[in-house]
Amino acid sequence: MQFRSLGKTGLSIAPLVFGGNVFGWTADEKTSFDLLDAFTGAGFNAIDTADVYSRWVPGNEGGESETIIGKWLKRSAIARDKVVIVTKVGSDMGQGRRDLRKSWIVEAVEASLKRLQTDHIDLYLSHWPDADTPYEETLEAHAGLVKAGKVRAFGASNLDAGQLQASFEAADKAGLPRYAVLQPEYNLYDRGSFEGALADLCRREDIGVITYYSLASGFLTGKYRSKADTEGRARGEGVAHYLDDKGRRILSALDQVAAETGAKPAEIALAWLMAKPAVTAPIASATSLGQLQSLTKAAGLSLSAGQMALLDRAGA
């Protein structure tokens, strides 16, 4: 397995990150344990979650994913230093707002550590922009957690180029460490918010990038080809808007590359991301061992220049 440096964090990760948003939602505890065992057993090491996962499920309060990961860490034979745990802070956990105040971060990290049953978080991300809290206050909170040994590195999610640049300037002015990692939405279909200024900034400043919605809520697996395919599915509503001309062009291109390589559409979509110079690793989730086995194949799939160009054109 060829590991990649995650920007300037000192962390090294395999080229695929497991998305823990499914834990406690579409994957129960036993299934989650089996998936994590298989993922790490195949040589991968990074697991992404958030304090808010999966608060959207009726009856859940948030923290369900972290709790499952914590139970797995406790029972797993894998050494703690062989796993990179990524979690996030800043979502509304009942306080009524997206929240990156220092007081909230200091409180929230303790809850995450308790659920994860660990003494440190490898990568802690500010989940959303908080226009009501100065960058300096948020960065000071993160820096304090690093100094205390509770967090190894920190970054942000969902910032645009202007916001990320502003955070850098605020950090430099205050003498604080910068965000070192970005987690943006980026996939073959959703490209406009990352490609261009934001990707260029990440490359220029050596920011680690782990992408979310890497398979466009499952659309890029190729299993959703019509409105009927989305009905009754947990992610059906999130996929329907991809069924337009652009989406059909992308599916056609994926089908063509699949015919040439023997790989599945999801594997190709992930390999496309892995080949992008600004991307460290995409995040993808699975709810069965069969799905997981397919996704992990992406790390060994090399796309030709012609295949990359075909996919680029389809999703332009």
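This is a predicted model: local features need pLDDT of at least 70, side-chain atom pairs count only at pLDDT 80 or more; totals for chains, interfaces and linings use all residues.

Colleague: Which residues of helix H11 are the buried ones?

Modeller: In H11 (residues 289–297) they are Leu-292, Ser-294, Leu-295 and Thr-296. Each counts as buried because its relative accessible area is under 20%.

Colleague: What makes you call H10 largely enclosed by the rest of the structure?

Modeller: The count does. Of the 10 residues of H10, 10 are buried, so the helix is largely enclosed by the rest of the structure. Pro-265, Glu-267, Trp-272 and Met-274 are among them.

Colleague: What covers the buried residues of H10?

Modeller: The cover includes strand S1 (4–5), S9, helix H9 (245–261), S10, H11 and helix H12 (305–314).

Colleague: Why does Thr-138 count as buried?

Modeller: Its relative accessibility is 2%. The cut-off is under 20%, so Thr-138 is buried. Thr-138 is found in helix H4 (residues 135–147).

Colleague: What does Thr-138 touch, leaving out residues up to four places away in sequence?

Modeller: Leu-100, Ile-105, Ser-126, Thr-133 and Tyr-179. Contact means heavy atoms within 4.5 Å. Take Ser-126: Thr-138 is 12 residues from it in sequence, and their C-alpha atoms are 8.3 Å apart.

**Backbone exceptions**

Colleague: What makes the bond between Tyr-53 and Ser-54 a cis peptide bond?

Modeller: The omega angle there is about 0°. Most peptide bonds are trans. Ser-54 sits in the loop between strand S4 (46–48) and helix H2 (64–75).

Colleague: What makes the phi of Asn-158 worth a remark?

Modeller: Phi is positive, about 70°, and Asn-158 is not a glycine. Most residues other than glycine have a negative phi. Asn-158 lies in the loop between S7 and helix H5 (161–174).

Colleague: What about the phi of Ala-216?

Modeller: Ala-216 has a positive phi too, near 50°, and is a residue other than glycine. Its loop runs between strand S9 (208–211) and helix H7 (227–230).

Colleague: Is Ala-216 buried or exposed?

Modeller: Buried. The relative accessible area of Ala-216 is 0%, and the limit is under 20%, so the label holds.

**The chain and a pocket**

Colleague: How many helices and strands does the chain have?

Modeller: It has 12 helices and 10 strands.

Colleague: What lines the second largest pocket?

Modeller: There are 13 lining residues, with Lys-8, Pro-177, Arg-178, Tyr-179 and Ala-180 nearest the centre. Strand S7 (residues 151–157) gives the largest share, three residues. The pocket holds about 190 Å³ of space.

Colleague: How does that lining divide by residue type?

Modeller: Eight residues are nonpolar, one is polar and four are charged.

Definitions and conventions: Residues are numbered from 1 along each chain as its sequence is written. Side-chain values use heavy atoms; hydrogens and water are left out. On a 1 Å grid over the protein atoms alone, a cavity is a set of points where a 1.4 Å probe fits but cannot get out, and a pocket is an open set with protein on both sides within 12 Å along at least five of seven lines; lining residues have an atom within 4 Å of a point. Grid points are joined across faces, edges and corners, and a volume is the space filled by probe spheres set on the points. Helices (H or I, at least four residues) and strands (E, at least two) are DSSP runs, numbered from the N terminus. Ala, Val, Leu, Ile, Met, Phe, Trp, Tyr, Cys and Pro count as nonpolar, Asp, Glu, Lys and Arg as charged, and the others, Gly among them, as polar. Buried means under 20% relative accessible area, exposed over 50%, partly exposed in between (1.4 Å probe, protein chains only).
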